[in-house]
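Try each task before reading its solution.

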Amino acid sequence: MLQTPSGGAGHGIAAADSGLMSIGTVLNALRDEFPEVTISKIRFLESEGLIEPQRTPSGYRKFSPEDVERLGHVLRMQRDHYLPLKVIREYLDAMERGEAVPLPTVGRQRDGEPVLEPEGPTAVRIGRSELLAAAEIGDEELEEWQSYGLVAPLPDGAYDAETVTVAALVAELGRFGIEPRHLRVMKAAAEREADLVDQVVAPLKRHRNPQTRALAEARSKELSGLTVKLHAALVRIALGVRQP
């Protein structure tokens, strides 16, 4: 069994039994810890060779408990360590072969202290064609989403991991008839929440000590997670939807 890079081996993800699971069941198992994970994201990770679920004769994916555990490790290493998928795949493959390998890092050090890169930690980046494939959309749809500010490329034309998540969610909402223009209100709300978090951590970001600035990054991550949970709870209350 793989050892979780940060936390216990299961870390909130447990298969219901030892049988194979559908992709929908896997999604439900993962969402307790990773509320933003989508079916498109799972398919994208499969296309990148991070998991290899079995296939039924009719082509449906079937996941083992080990597949679910590995998915959890992949998502956790993306979220907590900002590692590229290639690095994550090589690390997990080595762990499964029984090799004692250190957890990769993306930062640099100077005089024993962490140095923050100008644009923050190195994150997962994919090209335009990969984003289209992950979200299962065409060029026209992506252009429309960008016109509404829902997704945006980096200066070099690539896209980061969060943009992949946003694109997959916009695509899923579209299947329910929710159009990109309807989502501008959500983007505006997210920007207001981000401004609030930024006000809290701004003094830490301005500090001269690199470790204090690193703490600002961790605090931002923690606060963003709390705001996401609060937002989701408020939406459920507004809709009269109660958690089981």
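**Exercise 1.** In which helix is Leu-230 found?

Solution. Before starting, note that this is a predicted model, where local features need pLDDT of at least 70, side-chain atom pairs count only at pLDDT 80 or more, and totals for chains, interfaces and linings use all residues. Residues are numbered from 1 along each chain as its sequence is written, and side-chain values use heavy atoms, with hydrogens and water left out.
- Step 1: Leu-230 belongs to helix 9, residues 210-239. Helices are DSSP runs of H or I with at least four residues, strands are runs of E with at least two, and both are numbered from the N terminus.
- Step 2: Together with Leu-234 and Ile-237, Leu-230 makes up a nonpolar surface patch with about 300 Å² of accessible area. Nonpolar side chains (Val, Leu, Ile, Met, Phe, Trp, Tyr) are joined within 5 Å, and like charges within 9 Å. Areas come from the Shrake-Rupley method with a 1.4 Å probe; for residues, only the protein chains shown count as cover.

**Exercise 2.** Decide whether Lys-41 is buried or exposed.

Solution. 
- Step 1: Find Lys-41 in helix 2, residues 39-47.
- Step 2: Lys-41 has a relative accessible area of 11%, so it is buried (under 20%; exposed is over 50%, partly exposed in between, with a 1.4 Å probe and protein chains only).
- Step 3: Leaving aside residues up to four places away in sequence, Lys-41 touches Leu-75, Gln-78 and Thr-165; contact means heavy atoms within 4.5 Å.

**Exercise 3.** Describe the surroundings of Lys-205.

Solution. 
- Step 1: Lys-205 sits in helix 8, residues 184-205, and counts as partly exposed because its relative accessibility is 43%.
- Step 2: Apart from residues up to four places away in sequence, Lys-205 touches Asp-198, Arg-213, Ala-216 and Ser-220.
- Step 3: The side chains of Lys-205 and Asp-198 are joined by a polar contact of 2.8 Å. That term means a pair of N or O atoms within 3.5 Å; within protein, one must be able to donate a hydrogen and the other to accept it, and residues adjacent in sequence count only if both atoms are side-chain atoms.

Definitions and conventions. Patches are made of residues with over 30% relative accessible area and no salt bridge: like charges are joined within 9 Å, nonpolar side chains (Val, Leu, Ile, Met, Phe, Trp, Tyr) within 5 Å. A salt bridge is a side-chain nitrogen of Lys or Arg within 4 Å of a carboxyl oxygen of Asp or Glu.
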